[in-house]
Structure formats: C-alpha cells, structure tokens
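Reader: Can you walk me through this one? Keep it quick.

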Amino acid sequence: MAKLYIICIDDQREVLNTVVKDLESFENFFVIEACESAIEAWELIEEIDDEGDQLALVVSDHVMPDKSGVQFLTELYEDGRFALTRKILLTGLATHKDTITAINKAKIDTYIEKPWKKEQLIGDVKKMLTFFVLEAGLNYEKYIDALDQQTLLGELRKKV
Amino acid sequence: MIIRIIKSLICFGIPFILLWVPPEAFSIPGLTAVEQRVIALFTLAALCWVLEPIPAYATSLLIIVLMLVMISDKGLTWLIVSHNGDPVGTLIPFADLMAVFASPIILLFLGGFFLALAATKYRLDQNLARVLLKPFGSKPSRVMLGIMLITAIFSMFMSNTATTAMMLAILVPVLALFETTDKGKVAFALSVPVAANIGGRATPIGTPPNAIAMKYLTGDDYISFGEWMAFSLPLVLLLLMISWMLLLFFFPMKNKSLNLDMKGKFLKNRKAYIVYATFAITLILWLTDFIHGMNSFVVAMIPVAVFSSTSIVTKEDLKTLSWDVLWLIAGGIALGLALERTGLAQKLVTHIPFETFSPLLVVFFASVFALVMANFMSHTATANLLLPIVAALATSLTGLQPYGGEQMFIITVTFSCSLAMVLPISTPPNALAYGLGIVKTKDMAIIGIIVGIVGLITTYLMVYILNVINFFS
C-alpha cells in the first residue's frame, strides 16, 4: 500500500516542531515529515515520488532563506505529478504581493495566518485531506477519523 | 501489513487448495472438474467479500475473468479440453458470461443511477427535502420523523449512501446546537442511516440486493415494480414508525424546538423541467406496466435516453456513476450463472437432503444467516452469494409451495440482507453516521439489533399475509 505524506516546512525549528506536534493526531493515517527548507522538502518529495507513495498535503511557511514558500508552492503546482496535493500557506509575513502570487500562481488551497490556533489548523488540514482522499480515489471509510465530516458528506452526496 | 498478508493467504490459498484436492473429497457423486472449479471460485468470492483483501467490485471482476479462463467454452485450452477421456463438465458460453455486464438487472440499476444523478444535479432532492420537511414543524421528535420519512423515500430511488450523505449534511449544523448531554443528538444521527437502510427495500432499484433478487424472479415468478412497492411499502412504513419510536425511547430528547434552516428554491429552467417530468413519467410507467406492458427493465432505459440526448447527464457525469456497484452486482450474476449452468446447484441441492427439513425452518435459517452475514460484509455481496443458492434450493424444496414457493423464499432472504445495520462497518450509511463522532458503536448496535429482529418478524408477517391473499403464483 502506498503511504500518504504530509510535509511541514518552516525554517524556524521551534515553529516547525509546534506544527508537527499540532498535527500528531493524523499520524495514524499519514506519515508526517518536517523540513527546514524548501530545498530539503523537494529532495524528500522526489524520494516519496520514487517510492510510489503519495504527497497528500504540504503546510509551508513563506519567508525562508534560499527559496520562499510561495516560490516552492508555485513549483509544486506546476509539477503535474502533484496535481492532487493540497497546499496550505502558513505565514505571518507574506506581503500583499506575495499573497496575490500565492493565490494566482501557486493556487494555494488555504491561507493560515501566524500565530495560528491548533483547532483551526487541524480543522483546515482535515478539510484538505478530505478533498485529497476523495480526489485520489481512496477508500474514505478507512480514513474517516482524519476527515472533515461536513466536507465529506457534501462531496459524497454528489455521487450517485 | 501482516494482517493483509494473512488475509490474502486465506482468501487465495483456500480456493487454490480446493482446486487441487481430488474431486472425491467433496463427496458429491459425479462432480465434474468444471463444477469443482466453480466451488473453488465461489469460495474465493465468499472469502474475498468477507475479508476484503481487494475491493468488493474487484473481487467480482476477478471471478468473472477466472470463469472466462477456467470454465467458459473459449477458456484456456488445457483446462477445458479433456486429456484422459473424462469429460471436464458443462462449459459456459463465454458470451453469456460477458453479457452479465449488461444484464437487464444492471441496466435497471443504471436507469436508477441516471434518475438519481439528474435529480441531484438539478437539486430536485434538496428542494423536495425542504418542501417535504416543512409540515413537520419544529418539535424535534416530529422533525426526526420527517427526516426519516424523507430519507426513506429518497433511498427508494437514490443510493442509500448518497441519501445518507445528503440528509446528514443537512443535520450536522443543527446537531452542533444540541447540548452535549442531550441524547437527542444520537437519535438524529442514527435516524438517517436506519431510515436509508429500511427505505431501500421499498423498490426494486432501492438497493442492489433487490435488483439481484429480480434476477431470480423471472418467468412466472416475475414481480413488477408496482407489485414490489405494493407489498414492501407498507412494511417499510411500519418498520420506520417502529424505529422512530425505538430511537425516541432509547435516546430521549431534551431540546424543545428545532429549526432546520434550508435555503434554495426549485430550479425553473428548461432542463430542470425535463428532469421533473422525466422523473414523474418514469415512476408512473413503472407503476402502470399492467396497462402499457413495458416491464421495469425497459422503462428504466427511458430516463437514460432522455437525459443523455438532452445533455442533462453529460459525458463527464457518466464518469461519476458508481460503476463499482454495477460490477459488484455483475459478479453475483456471474456466480449464479455458473452455479446453475454447470449443473452444480442442482447437484448440491439434490445431494443434501433438504427434503427432510421443514421448509419453513430452512427459510428461517436462511434469512437469519443472511442478516448476520450482511452485518459483516456488504449487503450486495451477501445477496450475490446467497440468492443463487436460495433460488436453487427453492426449486427443489417442494414442501415450500404451500407457503409461497420460490418468490416467498427469495423475497424473505433479500429483505433480510437489507436489515443488517448493527455495526459501523455493516453499511456505508452506518459508517457515515458513525464518522460524525456522535454515535457510539453500542448505540448503533442496540438499535441495529432490535430493528433487525423486528424487521425479520414483520417480513415473515408480510410474506404470510401475501400467501394468504394468494399473491404468490
């Protein structure tokens, strides 16, 4: 069975640890990885792809040395292999212009402002994962505890 | 991971062994090689549907392909040509096996899918729900009755899963307003899957087991759409009322008033009118076959043509149809075909001395067995496995005739399959309700067990009455 990954990216170690800790309830269903830079994230993503596993979700910071989060997410969007991957931008420092690029070019799915609330992050992640699981054609019943019920019901009622 | 390997070993290992043991081991006189293969394939299907090492529809496809290779007249030469002079057995024409994908039952269901798809797309379902719920006011117990009735009505024509998803989606925001100590929450969350499961029994297209039953109700035993509804609708309503009272009894509501805020209005464009009209006409045609002579299967094709030619169901929509459900049913039809055509069914039935058992006892045990089994595997798969055997049994159990014969036996077992709703895994509607995090497994089990038992008793009562009024031909 292919593994499903959630990757969190932030150049500040303590912030990164908090994000990963907030998401630990998803560990029963997803592999959660922490990366300190976009470059490290790309290396990991290539590995995941080589193994035939799937990248379900990326939670990325914006302001990072070497490569910005928006730049990274744009590359991810343009790479057809990760068309189903959901993208969350988690930042407190994005400028107006960055935000526009994030929406228009990187097509991010959710924008969360720092500092964030744990419940909100978990709620948004659940929603994103629900869309991913359904669009990837996975058996939603297996992941039902990690999904947003309202989103799931809304999507399922469209199916006959 | 280890569990997966063990599951696969059981599911594929046991049938493999069955293929290689000497035919004498089955102690069925005159068992042919082909019949032995059918036993192995049947075992494979049963194990795979229970343990699900692969998805249920994949099991169906696998056994159909294995049948084509192993027991069809165009199968693998070394398997179907006898080398030592012994006949291999009766082979099945490959075209007949492939035709299960387009069997009238499948097309009947396809017609149902088209109706449901169009209704959802043009928001007929939501708008009907809104209008139909209004008369039930705002008293929570009444609202719940309304929810249950509407869920049941929708699940007669839409899949139980889609209906449950739609109704729960309406309920979720309201349930959030309940106090945490209010058990009424549980009642509401459970009312939807229970009503969807029960409601599916009311029409031949309501749930796949019904369609599979139609496969075996042919010739003199044919039951029309209208006849099916005439006997099952009263039963469904009775069972709904009982379930409603059960839910209120076990999960009393504290909340005094409940307002379902549903927005929207009926669409008023050309296509929407076509949907409304086609839905109504199809239903009327289904109920009036005694006037126009078109049977349920032929009528089911009408919405398919109308919605396709008016672009109400588009090329893209076609891809969203639940082909897995259709193929799951196809696998069952293929199993039935193999059992019957190879002569295995006849051999099994004549070999086991069913004649000595009381026919009513056989019906009782078969229906209880179906109910228990369907709690642990898909209702459709249960019907796939049991109904071909039931059909074969019914023809040989001459003692059954005074009680309604084959029709009675098949209907009883079919209805039993749909009554299975004890566990979250019993049916997808249960899984959805459980996923809300409001219902505990224990709550679901209490209601599921009682509804199952009451459902069985009322089903017996129904077939008894049908027999008394000479419904069974």
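Author: Ground rule for contacts: two residues touch if their C-beta atoms, placed from the backbone, lie within 7 Å. Helices are DSSP runs of H or I, at least four residues, numbered from the N terminus. This is a predicted model: local features need pLDDT of at least 70, side-chain atom pairs count only at pLDDT 80 or more, and totals for chains, interfaces and linings use all residues. Residues are numbered from 1 along each chain as its sequence is written, and chains are lettered from A and ligands numbered from 1 in the order in which they are written.

Reader: Which residues in α11(B) meet α21(B)?

Author: B:Pro209, B:Asn210, B:Ala213 and B:Tyr216. Their partners in α21(B) are B:Ile410, B:Ile411, B:Thr414, B:Cys417 and B:Ser418. The contact has six nonpolar residues, three polar and no charged. Ala, Val, Leu, Ile, Met, Phe, Trp, Tyr, Cys and Pro count as nonpolar, Asp, Glu, Lys and Arg as charged, the others, Gly among them, as polar.

Reader: At what angle do the axes of α11(B) and α21(B) cross?

Author: Roughly 165 degrees, and the axes come within 9 Å. Axes are lines fitted to C-alpha atoms, for helices over the stretch in contact, with angles from 0 to 180 degrees between N-to-C directions. So α11(B) is roughly antiparallel to α21(B), a label for angles over 145 degrees.

Reader: New topic. How many residues does each chain put into the contact of chain B with chain A?

Author: Chain B gives 20 and chain A eleven. On the chain B side, α6, α9 and α22 each supply at least two residues. α9(B) gives the most, with seven. That side has 14 nonpolar residues, six polar and no charged.

Notes. Parallel < 35°, antiparallel > 145°, perpendicular 65-115°, else oblique.
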